[in-house]
Amino acid sequence: MRSFILRKSVYLVITLFAIIAFNFFLFRIMPGDPAAVLVPRSGDEALKALVRERFHLNDPLLTQLYYYIIQVFSGDFGVSTGVLKNAEISTILGPKIFNTVILVGIGTALAIYLGVLIGKVAAWRRGKLADTLGMGFALVFYSMPTFLFALVLLMVFAGTLGWFPLKGATSQDYNEFSLMDKIGDRAYHLVLPVIAFTLEIMAEFAIIMRNSLTDVLTEDYITTARAKGVPSKSILNDHAMKNALLPVVTVMAISVGWVLGGTIMVEIVFSYDGLGKLTWDAVLNLDYPLLQALFLLMAIAVLVANFVADIVYTYLDPRVTI
Amino acid sequence: MVQTEKYRLMVKNAKKTWKVFRSNRLGFSGFIVLIAFAFIAVFAPWLSTVPQPNNIGSMEDNLLDLGWVNPLPPSFSPSPYTGFVHPLGTDHIGRDVYSMTLYGTRASLEVGLIATLISVALGASIGLGAGYFGRVTDEVLMRVTDFFLVLPWFPLMIVMMSILGKEFIWVIVVIGITGWPSTARIVRSQVLTIKERQFIERARAVGAGDGHIIRKHILPNVMPLMFANTVLLISLAIFSEAFLDFFGLGDPRVISWGSMLEAAYANGAFDNNAWWWISAPGLAIVLMVLSFSLVGYALDDVMNPKLRRR
């Protein structure tokens, strides 16, 4: 067990360096002089030289990579060139990460709960009405682009009916609110984005849960349990679910990348002020340093999530360490 | 003689597979819808009411005195300006929504099929190499696969598109090279079990080389499992294309459902209830992705006999 975690940790560190290097080279394949991108059009040659000096652009590529790695580990992501001119990127990120974590946290928890529930009911009543309805529901949302569903929600509930705010993560005078009002205001702004986000990623969990549980329910030990006279409720909850949840955990880990895609779309449509919308602003403003920092942040988030899932998995299924 | 016997067996197998596939009602209806989409893509110029919806000459002008203002709701009377009929109305610059939706089928299918072809070719060769040659090759290739598996591919696509530029070909390439890791994993695990079987050993004993064994023995056995995954990858590719287009990272010269929705969103269709402008491309995306998913799951059922008995 311990050697397994150790091995996984070594891989984690290697992959981390690979991601940093990949992120560095990804932004070097674009044509042109990096200094020209960092300095506004009107910028003079002296300014460009200064930028070259600060980002070590005159050195060979590998030396630049070395400096980049050092910068990343000291939390220095450089300076934003488009979204917030000349602001340190590390100071921009803080509040956005907070907003995104709230949205993703609530949404993912709800999606896992609902997805597992729907998949469980569908598998248990395979071929019955509940199965058809549950899977139909899941498949439609699985096939619906997140942005489209989010837009329809926005149009109906925020636009036509006016029940919820049209945009933003908080109201404009948020900073003058009392603590309770602040929480209420956030919750009010979160309703629609969370619904859009949850339904979209729930579908995949429901489908996997159903498939995995139907598989387990055909196994011999379930027949044995039935023959012993174990009540059906107990067969489902105590015997089948434990094994059926294993593939679901794997899929959850892999789908973290998918989850991030979902937040980007939801945040853009609802103008929710998080990392996804910031990514979008960076793309629109061709703010490459900011984009680079954001991509690194998201890649590391996925990496860590996978690492945690691996560890959790070994507790659920001790066979994998052998 | 041997050839005809082989051919007869192949036909028999195909017939059996087809029968199982047909008995899966959802998968079969998805298949029918896909055939309809393919038909639309091929015959779009004959089925549409406006031959080249993106041409300036095919666009409607705003004719206030005649009661013609873009976007125009669905109407079956010919327009006073160009003489075209617009059964699903027009968009903000007077392009026919019905014809654009038909032409959009082409972009979606092209991206879906070609991008998936890239993914599968990459994934299959990496998976084959890793599984067949084992040892260091396996270790290195699988570490690379794991690396690409953890890269968040949505942000990766955004970043790559904004670096490479808005060309249709880049949309295909970017979607293609972000989708291969899952195929590589599936192929590798299948190769690992196949290469231990006796018939591989026999083939090697009579002097077959690596290339021959991979082509003649391993690949045919990996194919069925890959097939279902491939169909699911297509739906993901179509999804990604719609996403990139919707956020303005696609090629603006190509008519696609994603860019139609983008134009609708940017020009206030969602605020002004211009439902005809949104629902046609929106439903088309959902229907196509759903059909590919249904066919994919059905194929999974057919190709995996273990699942069939439940």
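1. Let's start with the charged pairs: across all chains, the structure holds 9 salt bridges. Keep in mind that this is a predicted model, with an ipTM of 0.74 and a pTM of 0.80.

2. In chain A, the side chains of Lys96(A) and Asp273(A) form one of these salt bridges, at 3.1 Å from N to O. Lys96(A) sits in helix 5 and Asp273(A) in the loop between helix 11 and helix 12, so the pair ties together parts 177 residues apart in sequence. Lys96(A) is buried, at 16% relative accessible area, while Asp273(A) is partly exposed, at 32%.

3. Also have a look at Arg210(A) and Asp131(A), whose side chains meet in a salt bridge at 2.8 Å, N to O. Here helix 8 supplies Arg210(A) and helix 6 supplies Asp131(A), so parts 79 residues apart get tied together. Arg210(A) is buried, at 14%, and Asp131(A) counts as buried too, at 6%.

4. Chain B has a salt bridge between Asp138(B) and Arg188(B), at 2.7 Å from N to O. That links helix 5 to helix 8 of chain B, with the two residues 50 apart. Chain B also has a salt-bridge network made of Glu139(B), Arg143(B), Asp146(B) and Arg185(B).

5. Now, how many salt bridges run between chain B and chain A? The count is 0. The two chains bury about 4,100 Å² between them, 80% of it on carbon and sulfur atoms.

6. Finally, check helix 7 of chain A: it has a kink of about 25°, centred on Leu154(A). Leu154(A) is among the buried residues of this helix.

Conventions:
Residues are numbered from 1 along each chain as its sequence is written. Chains are lettered from A and ligands numbered from 1 in the order in which they are written. This is a predicted model: local features need pLDDT of at least 70, side-chain atom pairs count only at pLDDT 80 or more; totals for chains, interfaces and linings use all residues. Side-chain values use heavy atoms; hydrogens and water are left out. The bend at a residue is the angle between axes fitted to the seven residues ending there and the seven starting there. Helices (H or I, at least four residues) and strands (E, at least two) are DSSP runs, numbered from the N terminus. Buried means under 20% relative accessible area, exposed over 50%, partly exposed in between (1.4 Å probe, protein chains only). Buried area is the accessible area (1.4 Å probe) that two parts lose on being put together, summed over both. A salt bridge is a side-chain nitrogen of Lys or Arg within 4 Å of a carboxyl oxygen of Asp or Glu.
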